[in-house]
Amino acid sequence: MEQQSLLKTSGESQLYCGDCLSILDMVPDDGVDLIYIDPPFYSQRSYETIWGGEAERFAFEDRWAGGINHYVNYLVARVRKMYSKLKDTGSFYVHLDWHISHYMKQELDKIFGYGNFQTEIVWRRTSAHVDTIGFGHVTDSIFFYSKSDRFTWNPQYRPYSEEHLSRSYRHKDPVTGRRFMLADLTGAGIRHGETGRVWHGINPSKWTRHWIRPPSELEKLDKEGVIYWPDRGGMPRLKKFLSPKGQPIDNIWTDIPPVSSQGAEKLGYPTQKPIALLERIVNASSKRGDLVLDAYCGCGTTLAAAQKLNRRWIGIDISQSAIRVVEQRLKKLGATDYQVHGLVKTARDLRALDPFEFQNWAINAVYGQHSPRKVADMGIDGFTFMEHHPIQVKQSEHVGRPVIDAFAGVLQREKEKKGMIIAFDFSSGAVDEVARLEREDKIKIQLVKCVDLIAGNVPFKIMV
Ligand SMILES: C[S@@+](CC[C@H](N)C(=O)[O-])C[C@H]1O[C@@H](n2cnc3c(N)ncnc32)[C@H](O)[C@@H]1O
């Protein structure tokens with residue numbers, strides 16, 4: 001598997017399988033226009049199950065006491081790198097939910113600068129959520145930061161709803177027929193300058209107010225037909241005409257439904273986001289030909305949006321199966337102008353890897369953390385994603401009973417009751433020994449075959 005600069009072949013988009021922490025090193029600094037990330041929450045795909053109800057929530061909190069800091073550090077290390085990849089005019093969006101968003105906001109402010117926080121988009125991701133107690137959680141937060149105040153920005157609009165039109169735009173201009181709403185021509189407080197003057201016999205100070213513009217400018221607006229004079233006299237108002245572009249989009253997004261289980265868009269990837277969400281972000285914060293990066297690309301929603309909107313892109317995902325889904329998706333879109341890196345397709349590919357690369361691949365495949373010591377690791381090559389149970393990786397064909405016993409010794413030394421061994425295959429003696437250890441010593445060792453990881457069958461339960 002080659003390791004090359006992701007933008008060596010300029011113009012082509014790049015899809016990479018691996019941990020974004022290391023892959024990002026290949027992306028040139030100050031080269032990316034827009035980054036969107038939707039990182040996994042603690043428990044990856046079992047997320048929905050774990051957070052299904054209140055009882056589960058308490059169970060989770062017991063289990064993960066102290067876990068939030070661990071997760072925040074994990075993400076901060078990666079976001080810091082992403083920050084260095086952004087152009088000065090670039091923007092960064094991170095999709096989070098209520099479990100973690102407030103913890104991350106503080107860290108993001110430190111990385112981007114408080115003044116570069118643009119907004120929190122609140123996306124209504126589901127219409128109903130039956131929580132046993134309290135108000136249902138139906139939204140996600142997407143924090144939007146820029147790298148400077150010179151960021152690319154294209155305002156986005158949506159069609160006015162009938163309800164909004166009839167509630168707010170009740171007036172019609174008798175000459176042009178254009179609909180308008182009424183807005184104040186005065187602001188609170190007395191002013192002694194121009195804006196406090198009497199205009200058309202009306203003294204705003206009488207109501208402890210002042211004009212929003214000097215009378216000379218109001219006169220101009222009146223000539224342009226933008227001032228509304230009530231039939232029965234009283235305060236004039238400002239006509240705010242309906243924009244032909246539609247209603248400017250604010251930070252509450254309720255008009256993009258989630259990917260439905262029956263919908264044509266559904267690819268079967270558990271955390272797939274709707275393409276309309278990403279199209280809005282890509283349209284707002286990048287231009288044709290710009291470079292868009294998603295370092296947790298999943299089934300490639302950001303990449304598909306960028307491809308459709310004629311942007312170049314870099315997609316990174318640690319999961320081999322995610323990258324395969326992305327390839328299928330891009331094929332359907334007719335995309336050919338991209339390269340794929342880091343995909344292990346067969347057990348033969350795996351056997352050809354040198355031991356360190358093999359170990360990296362295996363730990364990444366279960367979303368684990370690499371052992372800080374690459375040599376003299378005392379039998380531990382990595383740790384499971386959240387609970388930090390030891391993982392041992394063996395690039396051997398038949399792992400037998402002696403390996404299991406040696407690893408059980410490692411677990412006992414570390415005062416651990418759980419662990420994982422990843423290898424090509426396990427002998428029946430090894431399988432029996434694992435059963436015995438669980439029965440007699442309450443030590444639980446999960447045996448994971450490479451062939452299952454290649455197929456994307458990741459043992460999520462132990463990973464959490
Ligand atoms: C919530 S999903 C993203 C879903 C995506 N937005 C979509 O619409 O399909 C998170 C993704 O991050 C990937 N992932 C987890 N850890 C990673 C890492 N260290 N580097 C890169 N990708 C990672 C997972 O495999 C998963 O596909």
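1. Ile249 lies in the loop that joins β13 (247-248) to β14 (252-253); helices (H or I, at least four residues) and strands (E, at least two) are DSSP runs, numbered from the N terminus. Residues are numbered from 1 along each chain as its sequence is written. The model is predicted: local features need pLDDT of at least 70, side-chain atom pairs count only at pLDDT 80 or more, and totals for chains, interfaces and linings use all residues.

2. Apart from neighbours within four places in sequence, Ile249 is in contact with Gln156, Tyr157 and Arg158, contact being C-beta atoms, placed from the backbone, within 7 Å. Arg158 is 91 residues away along the chain, yet its C-alpha atom and that of Ile249 are separated by 6.4 Å.

3. The chain as a whole contains 16 helices and 22 strands. Of its 464 residues, 32% count as buried. Among contacts between residues at least 6 apart in sequence, 66% join residues at least 24 apart.

4. Helix α8 (residues 275-285) packs against helix α9 (residues 301-308) at an angle of about 55 degrees, with the axes 9 Å apart. Therefore α8 is oblique to α9 (under 35 degrees is roughly parallel, over 145 roughly antiparallel, 65 to 115 roughly perpendicular, and the rest oblique). Axes are lines fitted to C-alpha atoms, for helices over the stretch in contact, and angles run from 0 to 180 degrees between N-to-C directions. On the α8 side the contact is made by Ile275, Leu278, Glu279 and Val282, and on the α9 side by Thr301, Thr302, Ala304, Ala305 and Ala306.

5. Helix α13 (residues 401-413) and helix α14 (residues 428-441) pack at about 30 degrees, with axes 8 Å apart; α13 is therefore roughly parallel to α14. Arg401, Val403, Ile404, Asp405 and Ala408 of α13 meet Gly429, Ala430, Glu433, Val434 and Leu437 of α14 in this contact.

6. The ligand is surrounded by 20 residues, of which the closest are Asp38, Thr271, Tyr296, Gly298 and Thr301; a residue is near a molecule or strand if its C-beta atom, placed from the backbone, lies within 6 Å of it. Thr301 also belongs to the contact of α9 with α8.

Technical notes:
Contact = placed C-beta atoms within 7 Å. Buried ≥ 20, exposed ≤ 12 C-beta atoms within 10 Å, placed from the backbone.
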